[in-house]
Amino acid sequence: MKYDFTTKIDRSNTGAFKYDFMPESLRDSGIVPMTVADMEFSAPPEVNEAVAAAAHHGCYGYTGPDKAFMDAVKHWQKTRHGWDIEDDWYVVTNGIVQALGIAVRAFTAPEDSVLIMTPVYHPFYGAVLDNGRQLVTSALIENAGRYEIDFEDIEAKAALPSVKLMLLCSPHNPIGRVWTREELEKISEICLKNGVLVVSDEIHNDLIMPGNRHTVFASIPGAEDNCIVCTAISKTFNLAGLSCSNIFVPNEKLREKFSKQAHTDGCGCVPYIARFATIAAYNKGSEWLDELISVVDANFRLLYDFIGKRLPQFSVTRAEGTYLAWIDMRSLGMGHEKLNEFMVEKAMIADNDGEMFGSAGDGFRRWNLALPKAELENALERLEKAVKEL
Ligand SMILES: Cc1ncc(COP(=O)(O)O)c(C=O)c1O
């Protein structure tokens with residue numbers, strides 16, 4: 001390995017949500033939390049150097065997507081995803097959750113509905129409901145530990161006259177699916193037929209486990225004029241705190257609407273530090289990312305192996321993408337509140353309650369595997385001990 005994915009980084013007193021906002025009882029336990037979706041690894045050193053140089057320059061003024069920035073963004077999408085982007089398509093936001101809210105406000109009226117597939121990253125609910133729109137959900141079908149789209153249900157829901165927008169999570173947090181081209185083609189066809197616009201949240205697009213392939217929604221024939229694609233450096237390179245997301249709206253009319261709402265909401269600048277980080281990450285971060293994926297993949301394998309051999313009463317969804325594991329602990333027969341207590345007080349593990357992603361997640365836990373292997377081993381041993389003591 002050229003890069004360091006084994007050193008435990010002390011993130012306490014940095015304001016990190018994962019650490020400085022951990023339940024009191026776990027604060028001094030020395031554990032590595034597996035909650036919020038950021039990583040326990042330093043960003044690529046090439047990015048850290050660029051950020052340090054930008055800070056050294058010292059003039060933190062208003063900054064935009066200049067040529068060097070756009071060239072890096074285009075280079076990444078072309079080389080990593082085979083997607084050709086035009087400069088005009090680009091709109092900056094300060095996060096993808098923000099972009100989801102912008103799209104909901106730009107493209108729907110209060111009486112309209114927005115379609116989502118559940119269980120899903122919890123701010124998808126808020127992007128709709130907190131903006132005063134109606135929510136229409138389609139439950140993913142759990143099939144022997146793998147989640148599939150209920151296309152009959154999607155057809156029916158997309159055909160409802162009130163449904164104007166679909167928020168698609170691709171790859172899908174928390175169940176780790178990397179939707180296949182065929183699945184995305186079907187979604188696109190149904191949405192086009194019913195006049196439903198697709199916002200494709202592709203924040204996990206670079207975190208694809210070996211043997212799987214991410215398809216950019218806009219690359220599907222016919223989809224380009226009916227979608228908004230949301231990407232970022234944040235998940236890929238552990239740069240979420242830089243608050244910069246790259247949104248692409250190929251269709252001019254849609255882009256005008258989206259940009260107008262984005263400006264109304266105060267977007268327009270590429271955060272100064274994020275400009276330099278983006279250029280370095282997208283031009284020089286490929287090798288680091290390949291190593292990261294092999295580390296996360298090895299962590300998934302460790303988890304499958306441990307659960308299979310030592311905690312067979314549980315099961316884990318096979319992750320095709322993301323660094324998030326979805327663990328089925330329904331066999332403990334605890335509701336999610338009791339399970340939360342068990343995790344914090346008995347297992348001494350900080351993870352996410354599956355129920356926060358939708359009621360179908362009751363009895364599941366989401367573990368963030370972007371951490372050194374030794375820390376995952378520590379968590380698994382704690383879990384095994386706590387289960388034995390039940
Ligand atoms: C699917 C998905 N979308 C968006 C986000 C957050 O994006 P941002 O920090 O850019 O708002 C996350 C973070 O976990 C996520 O998993």
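Leaving aside neighbours within four places in sequence, which residues is M329 in contact with?

1. **M329 and its surroundings.** This is a predicted model. In it, M329 is in the loop between β11 and α12. Setting aside residues within four places in sequence, M329 is in contact with F314, L339, G363, F364 and R365. M329 counts as buried because it has 22 C-beta neighbours inside 10 Å, and the cut-off is 20 or more. Now look across the model to L242. L242 and M329 are 87 residues apart along the chain, and their C-alpha atoms are separated by 35 Å.

2. **The whole chain.** The protein chain has 13 helices and 13 strands. Its radius of gyration is 21 Å, close to the 21 Å that the globule rule gives for 390 residues, so the chain is as compact as a globular protein of that length. Along the principal axes, the C-alpha atoms fill a box of roughly 60 × 55 × 35 Å. Of the 390 residues, 45% are buried.

3. **Contacts across the sequence.** Take the contacts between residues at least 6 apart in sequence. Of these, 75% join residues at least 24 apart.

4. **Two domains.** The chain is divided into domain 1 and domain 2. Domain 1 comes in two pieces of sequence, 17–44 and 286–388. Domain 2 covers 48–284. The centres of the two domains, taken over C-alpha atoms, are separated by 25 Å.

5. **Where the domains touch.** How many residues of domain 1 are in contact with domain 2? There are 28, and they meet 33 residues of domain 2. On the domain 1 side, the elements that give two or more residues are α11 (286–310) and β11 (324–328). The largest share, four residues, comes from α11. By class, this side of domain 1 has 15 nonpolar, eight polar and five charged residues.

6. **Around the ligand.** The shell around the ligand holds 13 residues. Those that come nearest are A37, G95, I96, V97 and N173. By class, the shell divides into eight nonpolar residues, four polar and one charged.

7. **Helix α10.** This helix has 13 residues, 272–284. At 1.5 Å a residue it should span 18 Å, and its end C-alpha atoms are 19 Å apart, which agrees. Its buried residues are A274, R275, F276, A277, T278, I279, A280, A281 and Y282. What covers these buried residues includes α2 (45–57), α3 (67–81) and α8 (234–237).

8. I273 is found in helix α10.

9. **Two cis peptide bonds.** Most residues other than glycine have a negative phi, and most peptide bonds are trans. A cis bond joins T118 and P119, with omega about 0°. P119 is in the loop between β2 (113–118) and α5 (123–129). The bond from N173 to P174 is also cis, with omega near 15°. P174 is in the loop between β6 (163–169) and α7 (181–193).

10. **Two positive phi angles.** Phi of T322 is near 70°, a positive value in a residue other than glycine. T322 is in the loop between β10 (315–316) and β11. It is buried, with 30 other C-beta atoms within 10 Å. M348 is not a glycine, yet its phi is positive at about 55°. M348 is in the loop between α12 (336–347) and β12 (352–353). It is partly exposed, with 18 other C-beta atoms within 10 Å.

Note on methods: Residues numbered from 1 in each chain as written. Predicted model: local features only at pLDDT ≥ 70, side-chain atom pairs only at ≥ 80, totals over all residues. Near = placed C-beta within 6 Å. Nonpolar A, V, L, I, M, F, W, Y, C, P; charged D, E, K, R; others polar. Domains from an automatic or database assignment. Contact = placed C-beta atoms within 7 Å. Rg over C-alpha atoms; globule rule 2.2 N^0.38 Å. Buried ≥ 20, exposed ≤ 12 C-beta atoms within 10 Å, placed from the backbone. Expected span 1.5 Å × (residues − 1).
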